[in-house]
Structures are given as structure tokens and as C-alpha cells.
2 protein chains.
Amino acid sequence: MRAPTGAGRPATGHARKIPASWRGSPWLHQLVLNRYGHFMVRSISSRRPATLASLAAELGVSRTTVSNAYNRPDQLSPELRQRVLEAARRVGYPGPDPVARSLRTRKAGALGLLLTENLSYAFRDPAAVSFLEGLALSCEAAGQGLLLVPANPEREDLAAVHRAGVDGFVVYSVPDDDPHLAAVLERPVPTVVCDQPSLPGVDTVGIDDGSAMTGMADHLIGLGHRRVGVVCMRLGRDRNDAIASLDRQRSAHFHVQRARLVALAAAFEAVGVPWAQVPVVERFDHSVESGASATARILDLDPEITAVVCTSDILALGALEEARRRGLRVPQDLTVTGFDGIAEAERVGLTTVVQPVRDKGAEAGRLLREQPDHGRPRKIVLPTSLRTGSTAAPPRNSQERWFGP
Amino acid sequence: MRAPTGAGRPATGHARKIPASWRGSPWLHQLVLNRYGHFMVRSISSRRPATLASLAAELGVSRTTVSNAYNRPDQLSPELRQRVLEAARRVGYPGPDPVARSLRTRKAGALGLLLTENLSYAFRDPAAVSFLEGLALSCEAAGQGLLLVPANPEREDLAAVHRAGVDGFVVYSVPDDDPHLAAVLERPVPTVVCDQPSLPGVDTVGIDDGSAMTGMADHLIGLGHRRVGVVCMRLGRDRNDAIASLDRQRSAHFHVQRARLVALAAAFEAVGVPWAQVPVVERFDHSVESGASATARILDLDPEITAVVCTSDILALGALEEARRRGLRVPQDLTVTGFDGIAEAERVGLTTVVQPVRDKGAEAGRLLREQPDHGRPRKIVLPTSLRTGSTAAPPRNSQERWFGP
DNA sequence: GTGAAAGCGCTAACAA
DNA sequence: TTGTTAGCGCTTTCAC
């Protein structure tokens with residue numbers, strides 16, 4: 001029996017009328033009387049995907065019942081539930097549409113992650129991957145998805161941020177002038193920033209970069225180093241593969257780099273090293289090669305330098321490579337230090353600052369999940385530690401002597 | 001002027017009536033006459049979040065116009081658009097709700113990624129991370145999000161799969177009996193499987209594991225190895241840190257491992273090695289330690305073994321570690337081979353099969369994006385190559401001689 | 001260039 | 001336990 005496909009509503013107003021858009025569509029329907037005497041629409045062709053409503057019509061039950069079969073098994077008899085689920089399988093109903101459910105419940109079931117501009121660098125940076133691991137695990141434990149939001153710097157694709165159906169955002173290590181960050185903050189969902197930038201009104205998780213780097217500086221100063229060079233990551237969104245001026249250091253848009261440099265400067269100035277004369281070489285790409293080339297630059301500039309301080313382990317690995325290339329023994333001829341504490345750094349015995357990267361991810365997820373009703377922004381500061389490896393020692397011709405350990 | 005908060009519709013039917021649910025809510029509204037003489041609702045408190053409709057009411061324009069201001073700038077005058085955008089900022093309207101838009105447009109703007117059961121292993125496996133990188137880059141280029149779908153093996157949390165608002169799924173390297181895979185295939189969106197399992201009706205991207213491993217086997221056979229041991233990843237969802245029986249090898253639920261083992265067996269059987277006597281040690285955890293312990297097991301079982309074939313680089317790194325621990329020189333005393341071609345393997349000169357992991361991710365994304373109107377399932381097979389490093393050489397007391405290259 | 005109408009597919013408060 | 005009602009917030013023909 002074919003249904004009249006024209007418009008108009010059935011004899012009773014209780015059943016949904018046939019949507020006008022179905023007219024002329026390839027999907028066929030028939031009007032059936034349910035057990036309450038209401039007309040309902042039943043699909044007699046499987047071409048139009050089944051919906052909760054069509055399944056309900058098919059079965060002659062209400063939409064609530066079908067919904068309950070999926071979402072509140074305790075709200076209906078096991079037999080009825082079984083009947084519903086079976087019918088669903090028969091007509092190929094894949095269960096409630098997640099998007100419609102999200103709209104209704106106002107929950108997306110996922111967190112968004114805004115990563116540093118260049119995705120590839122993020123995935124090639126073991127520290128970033130560990131952060132991702134921590135966050136992903138935390139999401140998994142909570143049964144939430146994790147949406148990687150593309151933040152292509154070239155296309156300034158804010159649409160991706162606007163389009164993301166998420167219950168909250170984690171922003172990982174972006175410059176303070178990143179337009180994607182601004183777009184995220186405009187969204188009416190909670191946000192946690194990890195590492196950078198430091199924003200007054202926003203929940204934050206990170207470490208105390210300044211004091212961690214002070215610790216490293218003190219260690220080097222204690223060893224007797226006074227003539228040092230620094231390799232750092234990019235300080236702004238522009239590519240500047242060169243010496244970073246004092247001004248550029250102090251106004252860096254990447255707050256983490258800024259804090260580390262400022263701490264270094266303060267510590268060395270305190271023992272009489274004029275920071276303006278210390279070569280601080282910036283590299284846009286965060287890679288081993290960058291670390292090597294920056295180190296080369298430093299050593300070319302001043303071969304008397306006794307220690308190369310790097311603001312990341314990846315860069316430090318490059319420094320080690322360059323030292324090897326030049327036949328400089330580490331640590332006898334040159335001291336090299338890193339920052340992060342990635343696995344590979346430990347393997348080669350790098351002296352570095354170890355930070356709990358994975359925990360940062362977990363904390364970020366937790367913060368987003370535990371929304372206090374009100375209150376001040378939460379600032380989580382995780383502990384770091386100095387790992388003294390085998391890449392730092394007193395300088396060769398140091399006038400200071402080292403009597404340790 | 002306070003609006004009557006009771007129900008009922010305004011004098012004209014053109015404006016939306018006030019939703020009953022607003023009654024008694026903390027949000028206040030007033031009825032205003034727009035320039036067409038229609039009553040519209042205006043929010044006079046910013047507590048209830050603005051919507052496209054409320055903004056339209058505020059401005060006295062239709063919802064279409066506001067929608068167009070965001071989605072089709074060419075459909076209205078620049079001045080009007082500007083007015084709309086300004087008003088939006090004033091009332092704190094964050095732009096069209098992404099979920100509602102998704103429901104309407106039937107596009108989620110994201111792909112879902114179902115990863116191997118244990119998330120941590122995925123993030124600690126450089127091959128998996130590279131895959132992720134390739135996929136993420138491909139999504140970024142297309143302006144799509146990438147949703148990591150939690151697939152906790154313990155909680156069998158299929159809800160996460162059901163809840164994922166995505167336009168398609170990528171399934172990366174799961175066993176053929178994974179319930180999450182089944183749940184994904186039930187969803188009415190396209191799916192691409194990467195690596196495993198091999199499913200007849202589903203789009204696929206991978207490599208020819210069999211012939212790649214055959215190449216490796218032939219290489220070892222050519223070097224003169226006949227007494228070999230194998231370290232492989234888990235063959236099923238159950239933990240079995242032990243020798244894998246022939247039967248277990250042949251019926252492995254992880255098709256990639258199965259294909260590699262079957263190829264090895266065939267190649268060695270072909271030169272008279274009885275495969276049943278070759279120790280194949282399985283490890284559930286995919287880690288360097290696993291590779292080491294499995295290698296230890298093999299060498300304890302048969303110290304005369306001349307080559308340890310590993311089905312992944314990570315495991316091979318462990319094998320190298322164990323050899324070092326035992327004072328065995330590689331390759332003089334022991335040959336070790338891997339599979340994947342990760343960066344660290346190259347660094348240590350591992351002889352291995354190199355596969356284009358990043359390309360796999362990119363291909364998976366592309367396949368999902370380019371949906372043919374119809375046709376056979378697409379099977380993409382990417383090329384591999386044998387990288388002869390410094391960890392494979394003829395066996396010490398080989399009766400076969402090696403005259404090459 | 002602008003507006004009205006229709007409905008995407010679902011859930012939840014309430015009523016029966 | 002089941003059904004009815006009322007939207008969630010948006011886009012999109014199609015008419016004006």
C-alpha cells in the first residue's frame with residue numbers, strides 16, 4: 001500500500017505531518033495507524049536514512065520510547081527495549097544522531113585542542129607529543145573526544161575554531177598575539193591555556209619557567225661558566241633566524257621563551273656578565289638542525305664560549321651534533337644544556353631541566369572538566385627538576401675552580 | 001519596560017513566540033516592534049546567551065540576514081553586515097553555534113580517528129605519531145578538525161564512537177575483532193581503515209606487509225642466516241607474553257603481524273628451515289623493554305641463533321639493547337632487523353623495512369574526503385623499501401659463504 | 001537584498 | 001511505563 005505523498009496532515013494532529021520536503025523525494029512512505037489511533041509515517045524504502053522518529057513510527061511507539069531505549073534503558077521494559085533495538089538493526093538505524101543529540105543536550109562530548117601554529121613541529125617535538133598523550137589519556141578516561149583544531153598560520157583559518165563543536169578548549173603554547181587564541185577566547189566555552197601565553201583572566205597550567213631556568217643558570221655559574229651562548233626557539237610569529245636583540249628578548253610574544261631568557265639574563269648579570277654581549281641566537285624552526293646551526297653561529301662568533309644553553313632539548317641535541325662535528329668534546333671542551341627532559345635527551349645524558357609534560361596535559365583536561373561555579377582563574381604550576389647529566393662540566397680554562405660534588 | 005513573561009504569541013504571528021521555557025528564567029526580554037511592524041523579542045539582560053535569532057530581533061532584521069552576515073557576506077550590503085557584526089560584538093554573540101550549524105548542514109567539519117586500543121602506546125610509537133602527523137596535516141589543509149575517539153579497551157566504551165560528530169572515520173591499526181571497529185562501521189559515514197584489519201568492503205590504505213617482509217627474509221637468507229628468532233607485537237587482544245604457536249601466528253587478529261609472520265615463515269621454509277622450530281616471541285606491550293625481554297627469551301632458548309628479526313623498529317631497539325647487555329656485538333655476533341623506518345632506527349643504523357607512515361595518514365584523509373559516487377572499495381598500497389643498515393651481516397660460523405656485494 | 005516558513009534529529013519536562 | 005509538547009540554534013529554498 002503506497003502512501004499519498006502529497007502534503008497535508010493526517011486526520012489527527014498528534015502524529016507529525018509529512019515534511020513538505022519529502023514530496024517528490026526518492027523515499028517512499030506509508031501512513032499507518034498506531035495503537036493509539038494516531039497516524040504515523042512509516043518508511044517503506046530504506047533509501048532515506050532511518051531516524052529516531054521513523055523508527056518510532058515503524059514500531060508504533062513514541063519517539064521518547066526509542067530515545068529511552070538508547071539513553072535510559074531503565075525507563076522501559078527490557079522486552080520493549082529489545083524490540084526497539086531489533087527493529088533498529090532491521091531498518092538500519094544507526095542510533096541517535098550525535099550532532100542532534102549534542103544540540104539538544106548542549107554537550108559536544110569533546111575537548112578542542114589548539115596547537116602551536118605548525119602542526120608538524122608539534123608532532124615532531126617529543127615534549128608536545130607527551131603533552132598530547134597526557135591530555136588524550138585524560139580525555140579517554142572521561143570518555144571524551146579530543147578534537148585537534150587546525151590553526152594554519154598562513155590561512156588564518158579562524159573558521160576552524162568557530163566550527164569546532166567542543167565543550168572546552170585547551171590552548172597549547174601559542175604566542176600572545178595568535179588570532180586563533182583570540183577566536184577561542186570569544187567562544188562561550190571554558191578554556192585552559194597551557195604554557196603560554198600567560199593571560200590574567202584565564203585558567204592556566206604550566207611550570208615556573210623563570211625559576212627553573214634560574215636553577216640551570218646557577219648550576220652553570222657554579223661550574224664556573226661566564227662566557228656563554230644561548231640558543232632559543234622563536235620569539236615571535238615572524239621568522240628571525242638571527243641574534244635576538246635585548247629588546248626582542250624582553251618583548252617576545254612567546255612568554256615561555258621570554259621567561260627563560262629573562263631568568264638567564266638576571267642570573268648572569270648578577271655575577272657580572274653583561275647580558276648585552278651574550279649571543280642569543282633565535283631559530284624559527286624547532287628542530288635538531290636548528291640547534292646545530294645556531295650553535296655553529298655562536299661558536300663562529302666567539303670560539304671562547306664555554307657553554308651553550310639551549311631552551312629546549314631538541315635544540316640541545318643539535319648543539320651536541322655541532323660540537324661533535326667540530327671535534328669539540330662535551331663536556332670537556334664545551335658544556336651543553338637543554339630544557340624539557342625528553343626521553344632521547346636522557347639517553348644521551350643531557351644536562352637539562354625536566355618538566356612533567358604529560359602531567360600538564362592531564363591537568364589541562366582535568367581543569368576543563370572540573371568547572372568551579374565561580375571564582376578566580378586557576379593557575380596550576382607544576383614542579384620541575386634539574387637533571388645533571390654528562391654534558392655539563394667546569395670550563396677548561398676556568399679561573400674559578402670547581403670542588404664538587 | 002518589562003515584557004510580559006507569560007506565554008502566548010505577540011500580536012502578529014510573524015515574530016517567533018516566546019518559548020515557554022523562558023518563563024521564570026533569569027533572562028529578561030522585551031517585545032519590540034521591528035521596522036516591518038512585527039513584534040520581536042529582545043533580550044534586555046545579557047545573562048541568557050545571545051543567539052542568531054535574538055540578535056536578529058535585537059536588530060530588527062530577519063534571521064536570514066544575520067546568518068548571511070556570517071556565511072554569505074555577498075548576500076547583503078556591507079553596511080548592514082557591519083551593523084550586524086557590531087551588534088553581535090556588543091551583545092556578546094559568539095557567532096553561529098557550531099553544533100546547530102552541523103545539524104542543519106549535515107557536516108561536522110571533522111574526521112574521527114580510532115586509534116589502537118592503548119592510547120599511550122600509540123603516542124609512544126613514533127610510527128603512529130608520524131601517521132597522526134600525516135593525517136592531521138591533511139585535515140589542516142582541508143580545514144577539517146581531527147577528533148581522537150577514545151577506544152578504551154577496558155571500558156568497551158562504544159558510546160564514544162556513537163557520540164562522535166564526524167564526517168568520516170579513520171581506523172588505525174586495530175584487531176579484526178575490535179568492537180569499536182564494528183561500531184564505527186555501523187555509523188552511516190565513510191570509513192577508511194589503515195594497516196589493519198583487511199576488510200573486504202572497506203576503503204583501505206596500507207603497505208604490502210607480506211612482500212616487504214619477504215624482502216627482509218630474503219636479505220637475511222642471502223646473508224646466510226638459517227637459525228633465527230622472531231620478536232613480534234601482540235597477535236590478539238589478550239596478553240600473551242610468550243612463544244606464539246604456529247596456530248596463533250596464523251590466526252592472529254592483528255593482520256599486519258600475521259602477514260609479516262606468514263611471509264617470514266614461507267621464506268625460511270623455502271630454504272629448508274622448519275618454521276615450527278623457530279622461536280617467535282610475542283609481546284603485548286609495544287616498547288623497547290619488550291623487545292629486550294623477548295630477545296633475552298630467544299637467546300636463552302637458543303644461544304646459537306644468529307639473527308633476531310623484529311616486526312617493528314621499537315622492538316628492534318630493544319633487541320639491540322639486550323645484545324649490548326650480553327656483550328654481543330651487532331652485527332658480528334648477532335644480526336638484528338626492524339620494521340617501520342622510524343628516525344631513531346635510522347640514527348642507530350638499523351637494518352629495517354622503511355614504510356611511508358606519514359603518507360599513509362595523508363592518503364587516509366584524502367580518501368575520506370574524495371568520496372566517489374559509487375564503485376568498488378579503494379585499496380591503496382604504498383611502497384616500502386629495505387634499508388640495509390649496519391645491524392645485519394653474515395652469521396659468524398655460517399657454513400654458507402657470503403660473496404657480496 | 002530581505003523575509004517567512006520549514007525542519008535538521010533529537011531530548012527532557014511534564015502529563016497521562 | 002509511555003506519550004505529548006516544546007524547543008535546542010541554525011540554514012535554506014522560495015517568495016517578495
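**Close-up views of a predicted two-chain model**

Among contacts in chain A between residues at least 6 apart in sequence, 66% join residues at least 24 apart. The legends below describe a predicted model.

Figure 1. Chain A contains 15 helices and 14 strands. Of its 405 residues, 55% are buried. Contacts between residues at least 24 apart account for 66% of those that join residues at least 6 apart in the sequence of chain A.

**Figure 2. Relation between chain A and chain B.** Chain B is superposed on chain A by a rotation of 180° with 0.0 Å of shift along the rotation axis, and the RMSD is 0.1 Å. The two copies are therefore related as by a two-fold rotation axis. Within chain B, B:Leu147 has the C-alpha nearest this axis, at 2.1 Å from it. Both copies use the same surface, since 100% of the contact residues of chain B recur in chain A.

**Figure 3. Packing of helices H12 and H13 in chain A.** Helix H12 (residues 288-301) and helix H13 (residues 313-325) of chain A pack with their axes 6 Å apart, at an angle of about 55°. The two helices, H12(A) and H13(A), are therefore oblique to each other. Their crossing is right-handed. H12(A) contributes A:Val288, A:Ser290, A:Gly291, A:Ala292, A:Thr295 and A:Ala296 to the contact. From H13(A) come A:Ile314, A:Leu315, A:Leu317, A:Gly318, A:Ala319, A:Glu321, A:Glu322 and A:Arg325. By residue class, the contact of H12(A) with H13(A) comprises seven nonpolar, four polar and three charged residues.

**Figure 4. Surroundings of B:Ser290 in chain B.** B:Ser290 is part of helix H12 (residues 288-301) of chain B. Its relative accessibility is 8%, so B:Ser290 counts as buried, the cut-off for this class being under 20%. Leaving aside residues up to four places away in sequence, B:Ser290 touches B:Arg283, B:Asp285 and B:Leu315.

**Figure 5. Packing of helices H6 and H15 in chain B.** The axes of helix H6 (residues 126-141) and helix H15 (residues 357-369) of chain B lie 6 Å apart, and the helices pack at an angle of about 40°. H6(B) and H15(B) cross in a right-handed sense. On the side of H6(B), the contact is made by B:Ala127, B:Ser130, B:Phe131, B:Glu133, B:Gly134, B:Leu135, B:Ser138 and B:Cys139. On the side of H15(B), B:Val357, B:Arg358, B:Lys360, B:Gly361, B:Ala362, B:Gly365, B:Arg366 and B:Arg369 take part. The residues of this contact between H6(B) and H15(B) divide into six nonpolar, five polar and five charged.

Figure 6. Most peptide bonds are trans. A:Pro331 belongs to the loop between H13 and strand S11 (335-337) of chain A.

**Figure 7. Positive phi values at A:Arg106 and B:Asp340.** Most residues other than glycine have a negative phi. A:Arg106, which is not a glycine, has a positive phi, near 60°. A:Arg106 is placed in the loop between helix H4 (98-105) and strand S3 (110-114) of chain A. With a relative accessibility of 49%, A:Arg106 counts as partly exposed. For B:Asp340, phi is also positive, near 135°. This residue, B:Asp340, lies in the loop between strand S11 (335-337) and helix H14 (343-347) of chain B. Its relative accessible area is 8%, and B:Asp340 is therefore buried.

Figure 8. The C-alpha atoms of A:Arg396 and A:Gly236 are separated by 36 Å, the two residues being 160 residues apart along the chain.

How values were computed
Residues numbered from 1 in each chain as written. Chains lettered and ligands numbered in written order. Predicted model: local features only at pLDDT ≥ 70, side-chain atom pairs only at ≥ 80, totals over all residues. Heavy atoms only, no water. Least-squares fit on C-alpha atoms with pLDDT ≥ 70 in both. Contact = heavy atoms within 4.5 Å. Axes fitted to C-alpha atoms, helices over the stretch in contact; angles between N-to-C directions. Helix = DSSP H or I, 4+ residues; strand = E, 2+ residues; numbered from the N terminus. Parallel < 35°, antiparallel > 145°, perpendicular 65-115°, else oblique. Left-handed = near helix turned anticlockwise from the far one by under 90°. Nonpolar A, V, L, I, M, F, W, Y, C, P; charged D, E, K, R; others polar. Buried < 20%, exposed > 50% of the residue type's maximum accessible area, 1.4 Å probe, protein only.
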